[in-house]
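Dear colleague,

Please find below the structure I am handing over to you, with its sequence. My notes on it follow.

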Amino acid sequence: MTKNTSAMTRIFLVTALLFTLTAFTTDAQTGTGEIIGLIKDIQQEAVSGAEIKLIRISDSTIVQRKISRDNGRFVFNGLSADRYCIEINAKGHLRYSGTTVDLSTGQMNYKIPVIILTPDSEKNLKEVIVNAKKPLLEREIDKTVVNVDAMITAATSNVLELLEKTPGVAITADGEISLNNKAGVLVLIEGRQTYMSTADLAAYLRSIPGATIDKIELITNPPARYDAAGGAVINIRFKKNKQAGFTGNLSSSFSQGISNRWYNSLNLNYNTKKFALFGNFSFNDEKGFTDERNYRTYYDSAHAITSKATFLNYRTDWGNDGNARIGFDYNLTQKTSFGMQFLGYFRTRKEEMVYDNYFGESGLNPEADAYGTMNGRYKWGQYNINANGLHKFNNTGHEISAEANYIRYNNDADQVFNNYVNSFSPAGDSSYTFRYALPSTLDIYVLKADYSYPMKNRFSFSAGYKSSWVKNDNNSEYYDMINGGSSFDPSKSNHFVYKENINALYVNGKKDWKKWSSQIGLRIENTNTEGHLLANSRVQESIVKRNYSGLFPSVYVSYLLDSATRQKISVNVARRISRPYYQQLNPFLVFIDQYNFRTGNPYLMPAYNFQAEMNYNYKQWFMFSLGYERYDDAIFSATGVVDSFYITRPENAAMRRMLVTTMNFQIPIVKWWRMNFMLAVANFKTQGEIYGQDLAQNINAFRVQAINMFTFKKDWSAELSGRYTHRVINIQRIMEPRWYVNFALQKKVLKGKGNVKLTVDDIFWSLKFKDIIIAEGSEAANYQVRDTRRVGLAFNFNFGKDTFNKRRRNVEGGDDLKGRTE
């Protein structure tokens with residue numbers, strides 16, 4: 001056990017003891033105010049199971065959440081003197097927002113009768129309606145919530161681009177996602193892990209229209225109910241419609257850069273008293289290009305130039321993507337529901353690459369000129385079946401839920417390389433053609449159960465179990481193309497099968513006092529892996545097995561600095577794990593181009609990290625965070641040089657420490673202009689050695705981002721945003737500064753049921769990648785340009801008729817069950 005692990009264990013045990021001693025003590029309230037209400041339908045019958053939010057009008061902050069009892073009654077207590085409004089969501093009823101309550105006048109006890117009206121009687125609503133817009137960011141005890149509708153530019157973006165516009169999130173040229181400079185982020189879709197490689201996940205996120213996303217949850221230090229993998233978690237949640245009857249949403253966008261793309265999505269919902277049916281469908285057609293230039297210089301021990309190489313690659317791609325999600329939720333009883341979902345995703349893509357490489361001694365005349373083409377054809381599909389169930393023991397949150405998942409990925413890729421070499425030596429010219437057939441499958445089985453039990457004195461307990469089984473079968477077949485035929489070459493072919501089983505248990509407790517709030521959790525995970533390189537006539541069989549377990553505690557403590565709950569400070573600590581990706585364990589050498597190869601490392605070990613974070617919030621206007629993270633035996637892609645060839649291989653080779661400070665301001669400059677401003681400053685320290693290269697580094701970096709939101713009269717609004725990322729050094733790679741400016745304009749139409757948006761992304765075409773790799777007596781500068789400057793037009797329309805259905809309780813659909821079972 002490492003020193004950090006021992007320290008973490010001591011912190012956990014001390015906190016657990018204090019937590020246990022105080023969990024059942026009598027709590028006090030933060031104030032004396034009380035609001036009592038009664039919810040009925042239009043037939044004067046009580047509505048139970050409705051979600052009621054108490055919102056402070058001054059800053060739109062959600063102060064408390066309650067669930068109505070069987071008699072429709074709800075109570076908010078412990079309130080400070082302020083002005084509030086009530087928001088109610090109940091299945092089968094029109095969403096209600098109104099009933100202004102003023103406790104600042106001295107009256108601290110308030111009783112209100114509430115009637116949830118049908119759409120036909122909406123005109124009789126006499127209450128005051130509060131039209132406060134959701135802020136872009138909302139801070140909760142263990143996460144930050146990004147409300148995507150607050151970003152107009154999301155309408156013509158895909159989800160990967162949407163993440164890059166999200167404060168705190170950054171994406172590399174390879175599609176790797178980081179959050180507040182934390183790499184190895186675990187990306188969840190509706191609370192579920194995707195189990196995809198970095199490249200496949202990036203391609204999948206590009207296929208999802210940003211207009212379909214409701215919110216993004218940023219969890220820099222995840223609690224025990226989440227998987228222990230990854231330094232941070234990003235959870236992406238889709239839009240949902242809970243109204244009764246038949247409703248839907250149609251969204252379409254077209255954008256033009258050098259090439260064009262088209263995103264379309266359709267959301268359908270049909271809800272009755274006992275049954276809910278829903279479907280989400282999207283189809284995309286897009287084209288793109290990547291212009292990549294790499295200039296490589298080699299040095300001797302005296303740092304004199306010995307040779308140079310130039311690599312020019314131009315890649316074009318075009319394809320179609322489609323997503324479909326169909327499911328139902330059935331209420332077996334008033335307290336028990338069952339649901340199923342069926343998900344499918346397909347992608348077809350064509351790719352063409354033209355490359356030209358020059359290699360020469362001492363920077364003089366070139367020794368060789370290598371050029372060629374690559375033609376790729378790809379078919380990729382995902383199929384997912386989910387069954388879920390929920391039983392509520394009462395309406396206070398005492399419930400148990402379970403789900404089972406089966407996921408299958410099919411990937412069929414075919415690449416043909418035509419290579420030519422003009423040699424300026426007696427060896428003469430040469431040419432050769434070869435083909436890669438790259439079929440692969442990934443099968444995943446997941447079982448999961450969660451239990452939650454609210455107790456007396458504002459104490460709650462939860463526990464859960466999860467098991468997953470993964471099998472990744474990856475076959476790479478190499479063929480020499482000779483005289484129009486093909487000849488299988490077993491020495492350059494590879495068949496790798498990876499199996500993984502992870503079993504996890506967790507417990508979590510939460511306790512609230514007058515001003516203090518704490519949450520403590522412990523997760524234990526057991527991991528079993530097997531990497532199997534199958535033998536053929538030229539390749540030897542190899543099998544590497546791993547079996548290891550780990551404890552992953554997490555502690556959260558928060559304190560209200562004033563009785564009005566405007567200022568809060570919180571501290572959290574946790575232990576996490578970063579496991580190698582499946583393909584990182586495959587030892588086969590993969591051809592990139594004639595001077596670049598990639599391989600895996602079957603002997604990679606997981607990296608453990610300790611992380612701590614302190615947050616301060618003033619309302620939702622100002623958020624400050626100070627974070628610390630340390631990795632031991634961190635995994636990174638190390639580049640070595642063998643006979644002038646670059647070979648990239650993942651290694652456990654360094655200690656990585658990060659200290660980062662972030663500040664976020666949500667500033668109402670004037671009534672019609674609101675700005676979100678984010679500044680992040682980080683210090684990185686690295687110690688280690690790889691291939692004889694000293695990795696000792698101590699560097700600073702910063703990122704600044706501003707999103708300006710303008711609201712005008714007559715349903716017009718606009719957005720102007722930009723970001724600048726300072727130079728970052730990551731082990732062997734130096735990433736030069738990047739910046740962009742975006743603009744968007746929105747007009748509501750069709751009596752507010754639709755909107756039209758005009759967007760301009762990367763106005764100055766500045767979002768370009770420039771990386772420098774320093775490896776073993778060489779330096780490579782890489783420039784990459786993509787089709788990021790685009791003008792787009794989007795249309796969104798909500799349709800359908802809301803029908804009133806009498807409700808005695810609130811049963812969410814299958815997607816909401818996912819959120820409860822996390």
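**Surroundings of S259**

Leaving aside residues up to four places away in sequence, S259 touches K287, G288, D787 and R790. Please note that this is a predicted model. S259 sits in the loop between strand 16 (245-256) and strand 17 (260-271). Its relative accessibility is 12%, under the 20% limit, and S259 therefore counts as buried. A polar atom of the S259 side chain lies 2.9 Å from the backbone oxygen of K287.

**Nonpolar surface patch**

A nonpolar patch on the surface is formed by F246, Y270, F275, L277, F281, I326, Y330, L332, F338, F342 and I385, which together have about 940 Å² of accessible area. Two or more residues of this patch come from each of strand 18 (275-299), strand 19 (305-331) and strand 20 (336-361). Strand 18 supplies the largest share, three residues. F275 lies in strand 18; with a relative accessibility of 31%, F275 counts as partly exposed.

Strand 8 pairs with strand 9 (residues 143-147) in the antiparallel sense, over four bridges. Within this pairing, L137 stands opposite V146 in strand 9.

With kind regards

Key
Residues are numbered from 1 along each chain as its sequence is written. This is a predicted model: local features need pLDDT of at least 70, side-chain atom pairs count only at pLDDT 80 or more; totals for chains, interfaces and linings use all residues. Side-chain values use heavy atoms; hydrogens and water are left out. Two strands pair if DSSP finds at least two bridges between them. Patches are made of residues with over 30% relative accessible area and no salt bridge: like charges are joined within 9 Å, nonpolar side chains (Val, Leu, Ile, Met, Phe, Trp, Tyr) within 5 Å. Accessible areas come from the Shrake-Rupley method with a 1.4 Å probe; for residues, only the protein chains shown count as cover. A salt bridge is a side-chain nitrogen of Lys or Arg within 4 Å of a carboxyl oxygen of Asp or Glu. Buried means under 20% relative accessible area, exposed over 50%, partly exposed in between (1.4 Å probe, protein chains only). A polar contact is a pair of N or O atoms within 3.5 Å; within protein, one must be able to donate a hydrogen and the other to accept it, and residues adjacent in sequence count only if both atoms are side-chain atoms. Contact means heavy atoms within 4.5 Å.
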